[in-house]
Amino acid sequence: KLALTEAVSNSVRHAYGDEGEGHVDITYELRPDRLGIPVVDNGNGFDPEEMPTLEGQELSEGGLGIAIIRTIADEFEIDSKPGARGSRLHFVKLLA
């Protein structure tokens, strides 16, 4: 649940910037041993390898949601590039 919330929140808050208009597609793939969830948007791309930075003594917001998802998910992949349109994040949680 937390991984999905973070993925959707990232798309809603970051992909469309100040425009605030766009869509986020969420589907799920349920199998007896796993739940896979792709989250896709057509907003601004980003560098998925960019790590969160420290601002003072606290982590900045950038990249923190992705770090949370990487930690929670059993499988994780992301397809996004700075300057390109659209991002696709797919994570899997094993059920068994």
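In which segment is K1 found? K1 is found in the segment before α1, where helices (H or I, at least four residues) and strands (E, at least two) are DSSP runs, numbered from the N terminus. This is a predicted model, in which local features need pLDDT of at least 70 and side-chain atom pairs count only at pLDDT 80 or more, while totals for chains, interfaces and linings use all residues. Residues are numbered from 1 along each chain as its sequence is written, and side-chain values use heavy atoms, with hydrogens and water left out.

The secondary structure of the chain comes to two helices and seven strands, and these follow the pattern α-β-β-β-β-β-α-β-β when read along the sequence. Of the 96 residues in the chain, 27% are buried, a word that stands for under 20% relative accessible area, with exposed meaning over 50% and partly exposed in between (1.4 Å probe, protein chains only). Among contacts between residues at least 6 apart in sequence, 56% join residues at least 24 apart, contact meaning heavy atoms within 4.5 Å.

K1 counts as exposed because its relative accessibility is 87%. Although K1 and I72 are 71 residues apart in sequence, their C-alpha atoms are 9.8 Å apart in space.

The two helices can be taken together. The axes of helix α1 (residues 2-15) and helix α2 (residues 64-72) come within 9 Å and cross at roughly 155°, axes being lines fitted to C-alpha atoms, for helices over the stretch in contact, and angles running from 0 to 180 degrees between N-to-C directions. That angle makes α1 roughly antiparallel to α2, since angles under 35 degrees count as roughly parallel, over 145 as roughly antiparallel, 65 to 115 as roughly perpendicular and the rest as oblique. On the side of α1 the contact is made by L2, A3, E6, A7 and N10, and on the side of α2 by G65, I66, I68, I69 and I72. These residues divide into seven nonpolar, two polar and one charged, where Ala, Val, Leu, Ile, Met, Phe, Trp, Tyr, Cys and Pro count as nonpolar, Asp, Glu, Lys and Arg as charged, and the others, Gly among them, as polar.

A3, which lies in helix α1, counts as buried because its relative accessibility is 4%. Leaving aside residues up to four places away in sequence, A3 touches I69, I72 and F91, and the C-alpha atoms of A3 and I68, 65 residues apart in sequence, are 7.0 Å apart in space. S11 also has its place in helix α1 and, at 7% relative accessibility, counts as buried. With residues up to four places away again not counted, S11 touches Y16, V24, V39 and D41.

In α2, the residues G65, I66 and I69 are buried. They cover an arc of only 100° around the axis, which puts them on the same side of α2, the arc being that of the directions from the helix axis to the C-beta atoms. The buried residues of α2 pack against α1, β6 (75-79) and β7 (85-94).

A last stop is T27, found in the loop between β1 (24-26) and β2 (29-31). T27 is partly exposed, because its relative accessible area is 45%. T27 touches G36, I37 and P38, not counting residues up to four places away in sequence, and its C-alpha atom is separated by 9.9 Å from that of H90, 63 residues apart along the chain.
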